Amino acid sequence: MSSMSDFSNPWLLRHTKLEGISLMDHLYNRLNGIYPNKFRSNFRDKQAIEDWKQAWAEAFDEEGVSPTDVAMGIKNCRRLFDWPPSLPEFLRACRPQLEPETAFFQAVRGMQARVRGEMGEWSHPAIYYAAISIGQFDLLNQAYTQLEQRWHKVLGDQLAKGQWPEIPSPRLALSSAQDREQGRREGQRRVRDLAQVISGDNNKDPRVWANRILAHPQERSLAVLKMAKAALSKE
C-alpha cells in the first residue's frame, strides 16, 4: 500500500523507463546485484524492504541527492565496500567531493584560479559559497588543520541550504572587506618585521629579535624568516 509520502517523494514514484518501478526499487536491484545474498539478508520480510526504501528516499530528498549522484555512489560501492553500505556510507560514496578535506583543497584550487581571473572548478556550488564564507585571505594563507573546524561548519551550513545562487564570474567575486583588512594588516606587519631586522636594535643583540620571529614562524614572511635564521647562523 502506498503512503502519502510516496506521491511527493520523486524517489518513490514509478517510472515507465524503469518498467514501472521506482528509483528506489531500481537501487535495491542494483545493490542486490552487487552484493548477492549479502544485501537481501538485511531484510527479514517485505515490510523491512519498504522501511529501507522509505528511509533512504527521505534522506535522498532532504540531502538533494540526484540520480547522477546515486550512479556515482553505485560505482564507488564496487570500489569501496565489500559489504552493503549503510545510508551514511552510501551518501558519502555518492558525493566523495563533498568530504570536508577533499572539498577544502578543491576550494583552495578554485580560489587560486579566481585570483588569476579564471572561473575555477567547483564540483558543487556549496563548496564555492563555503570558500567565500571563510574568505579568500584565510583560505589561501592558512593550512587545513588551522581552518578545519571553521571549514566543517561553513560547509555543513551551505549544504543544509539545499539550493544556491549561480556561481558568479571572477570579475564579480570581489574580495571582502575582511580580506582587504587582513591584507592591510599583513602588509603592515611585514613592514615592521623588515624594519626590525634592518635596525637590529633590540637590546643590541640580534638573537633577541631573531628568536622572537622564529618563535612564531607562521606569522612571518619567508623573507623575514630567512633573515632571522641567517642572524642565528642557521642557514
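Modeller: Let us start with the word helix: helices are DSSP runs of H or I with at least four residues, numbered from the N terminus. F60 is found in one of them, helix α2. Keep in mind that this is a predicted model.

Biologist: How many helices and strands are there in the chain?

Modeller: The chain has 11 helices and 2 strands. Along the sequence the pattern reads β-β-α-α-α-α-α-α-α-α-α-α-α.

Biologist: Is F60 buried or exposed, and how do you know?

Modeller: Buried means under 20% relative accessible area. F60 has 0% relative accessibility, so F60 counts as buried. Across the chain, 36% of the 235 residues count as buried.

Biologist: How far apart are F60 and P10 in sequence and in space?

Modeller: In sequence, F60 and P10 are 50 residues apart; in space, their C-alpha atoms are 9.6 Å apart.

Biologist: Which residues touch the most other members of the largest nonpolar core?

Modeller: That core has 22 residues, and M24, L27, W52, W56, F60, V70 and F90 touch the most other members. Helices α1 (23-34), α2, α3 (67-80) and α4 (87-94) each supply at least two residues of the core. The helix that gives the most is α2, with 5 residues.

Biologist: What makes K53 and E50 a salt bridge?

Modeller: The test asks for a side-chain nitrogen of Lys or Arg within 4 Å of a carboxyl oxygen of Asp or Glu. For K53 and E50 the closest N and O atoms are 3.0 Å apart, so the pair passes the test. Both residues lie in helix α2, 3 residues apart, which is about one turn of the helix.

Biologist: Why is K53 called buried, and what is E50 called?

Modeller: K53 has 10% relative accessibility, so K53 counts as buried against the limit of under 20%. E50, with a relative accessible area of 34%, is partly exposed.

Biologist: How many salt bridges does a search of the whole structure find?

Modeller: It finds 7 salt bridges. One joins the side chains of R95 and D69, at 3.2 Å from N to O. R95 lies in the loop between α4 and α5 (100-115) and D69 in helix α3, so this pair ties together parts that are 26 residues apart in sequence. R95 and D69 are both buried.

Biologist: What about the side chains of E118 and R116?

Modeller: They meet in a salt bridge too, with 3.2 Å from N to O. E118 has a relative accessible area of 40%, so E118 is partly exposed. R116 has 55%, so R116 is exposed, since the word exposed needs a value over 50%.

Biologist: Which residues gather in a patch of negative charge on the surface?

Modeller: E58, D61, E62 and E63 gather there.

Terms used
Residues are numbered from 1 along each chain as its sequence is written. This is a predicted model: local features need pLDDT of at least 70, side-chain atom pairs count only at pLDDT 80 or more; totals for chains, interfaces and linings use all residues. Side-chain values use heavy atoms; hydrogens and water are left out. Patches are made of residues with over 30% relative accessible area and no salt bridge: like charges are joined within 9 Å, nonpolar side chains (Val, Leu, Ile, Met, Phe, Trp, Tyr) within 5 Å. Accessible areas come from the Shrake-Rupley method with a 1.4 Å probe; for residues, only the protein chains shown count as cover. Lys and Arg count as positive and Asp and Glu as negative; His and the chain ends are not counted. The place of a charge is taken as NZ of Lys, CZ of Arg, CG of Asp or CD of Glu. A nonpolar core is a set of buried Ala, Val, Leu, Ile, Met, Phe, Trp, Tyr and Cys residues joined through side-chain atoms within 4.5 Å. Buried means under 20% relative accessible area, exposed over 50%, partly exposed in between (1.4 Å probe, protein chains only).
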